[in-house]
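I opened the model to go through its strands, cores, ring pairs and a few single side chains. My notes follow in the order I looked things up.

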Amino acid sequence: INESGSVVGASNTLRGTMEGFLYQSGEVRSLGTLGGNGSYAYGINERNHVVGYSYDQQGRSRAFVWLDGIMYDLNAIVDGLDGWTLDAAYGVNDSGQIVGRGTYQGVTTAFRLDPVLRPAPVSLGFSQPLVSDPAAVPEPGTSVLLLLGTVLLWLWRIDRRTQS
């Protein structure tokens with residue numbers, strides 16, 4: 001549940017499958033799937049970005065982010081996933097950071113994705129997951145922090161425009 005009272009979860013469908021939903025302003029909206037037989041929504045932020053997992057056509061669990069009516073497989077939109085499979089997303093904060101569970105070189109581990117700025121045209125983008133081993137995570141440089149600040153400002157401006 002977010003501060004605005006929007007709620008996410010999963011519910012049985014008339015087809016007999018479980019599907020993620022968004023409850024907002026008295027209405028329930030199905031989030032759909034990534035082509036498989038079910039999805040589960042776990043996290044929502046103030047911009048109503050929803051995260052969770054869905055099964056794809058091959059029956060594999062895939063982490064997703066749902067934005068403005070479209071479910072995106074995080075495995076398809078994150079650059080640099082060498083050795084990673086993002087299995088489930090459990091939370092998204094108002095800065096757009098996503099946390100979840102994935103498989104890295106055959107080992108199940110946690111991940112965190114940080115949004116990154118893309119050149120025009122505007123598209124979704126996230127940095128590669130951070131490995132849970134602190135020695136493998138580099139110190140952020142000034143340019144990375146500047147880039148993150150730019151992304152956050154850009155997302156805030158888009159959010160302000162859509163609320164007008």
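I began with the hairpin of β9 and β10, which has 2 residues between the strands. Gln105 in that turn has a positive phi of about 50 degrees. Helices (H or I, at least four residues) and strands (E, at least two) are DSSP runs here, numbered from the N terminus. This is a predicted model, in which local features need pLDDT of at least 70 and side-chain atom pairs count only at pLDDT 80 or more, while totals for chains, interfaces and linings use all residues. Residues are numbered from 1 along each chain as its sequence is written, and side-chain values use heavy atoms, with hydrogens and water left out.

I then checked the pairing, where two strands pair if DSSP finds at least two bridges between them. β9 and β10 run antiparallel and are joined by 7 bridges. Gly102 stands opposite Thr109 in β10.

Next I followed β9 to its other partner. Strand β9 (residues 98–104) is joined to β8 by 7 bridges, and these two strands run antiparallel. The hairpin of β8 and β9 has 5 residues between the strands. Gly96 in this hairpin takes a positive phi near 90 degrees.

I put the strands together as a sheet. The sheet is open, has 3 strands in the order β8-β9-β10, and its pairing is antiparallel. β8 and β10 are the edge strands, each pairing on one side only. On average, neighbouring strands of this sheet are turned by 25 degrees against each other, direction ignored. For that angle, axes are lines fitted to C-alpha atoms (for helices over the stretch in contact), and angles run from 0 to 180 degrees between N-to-C directions.

Is β8 enclosed or open to the outside? I found that 7 of its 9 residues are buried, so β8 is largely enclosed by the rest of the structure. Buried means under 20% relative accessible area, exposed over 50%, and partly exposed in between (1.4 Å probe, protein chains only).

I looked up the nonpolar cores, each a set of buried Ala, Val, Leu, Ile, Met, Phe, Trp, Tyr and Cys residues joined through side-chain atoms within 4.5 Å. The largest has 15 residues, and those with the most contacts inside it include Val65, Leu86, Ile98 and Phe111. Two or more residues each come from β6 (61–67), α1 (74–77), β8 (84–92) and β10 (107–113). β8 gives the most, with 4 residues. Another core lies apart from this one and has 10 residues, among them Val50, Phe64, Trp66 and Met71.

I searched the whole structure for aromatic pairs and got 6. Rings of Phe, Tyr and Trp (its six-membered ring) pair if their centres lie within 6.5 Å; planes under 30 degrees apart count as stacked, over 60 as edge-to-face and the rest as tilted. Tyr53 and Tyr55 are edge-to-face, because their ring centres are 5.8 Å apart and their planes stand at 90 degrees. Tyr53 is buried, with a relative accessible area of 13%, and Tyr55 is partly exposed at 28%. The rings of Trp84 and Phe111 have centres 6.4 Å apart and planes at 85 degrees, so this pair is edge-to-face. Trp84 lies in strand β8 and Phe111 in strand β10, so the pair ties together parts that are 27 residues apart in sequence. Both Trp84 and Phe111 are buried. Tyr40, Tyr42, Tyr53, Tyr55 and Tyr90 form one aromatic cluster.

I turned to Glu19, which lies in strand β2 (residues 18–24). Glu19 counts as buried because its relative accessibility is 9%. Its side chain and that of Ser30 are joined by a polar contact of 2.2 Å. A polar contact is a pair of N or O atoms within 3.5 Å; within protein, one must be able to donate a hydrogen and the other to accept it, and residues adjacent in sequence count only if both atoms are side-chain atoms.

Last, I looked at Arg47, in the loop between β4 (35–44) and β5 (50–56). A polar atom of the Arg47 side chain lies 2.4 Å from the backbone oxygen of Asp94. The C-alpha atoms of Arg47 and Ser95 are separated by 9.7 Å, and the two residues are 48 residues apart along the chain.
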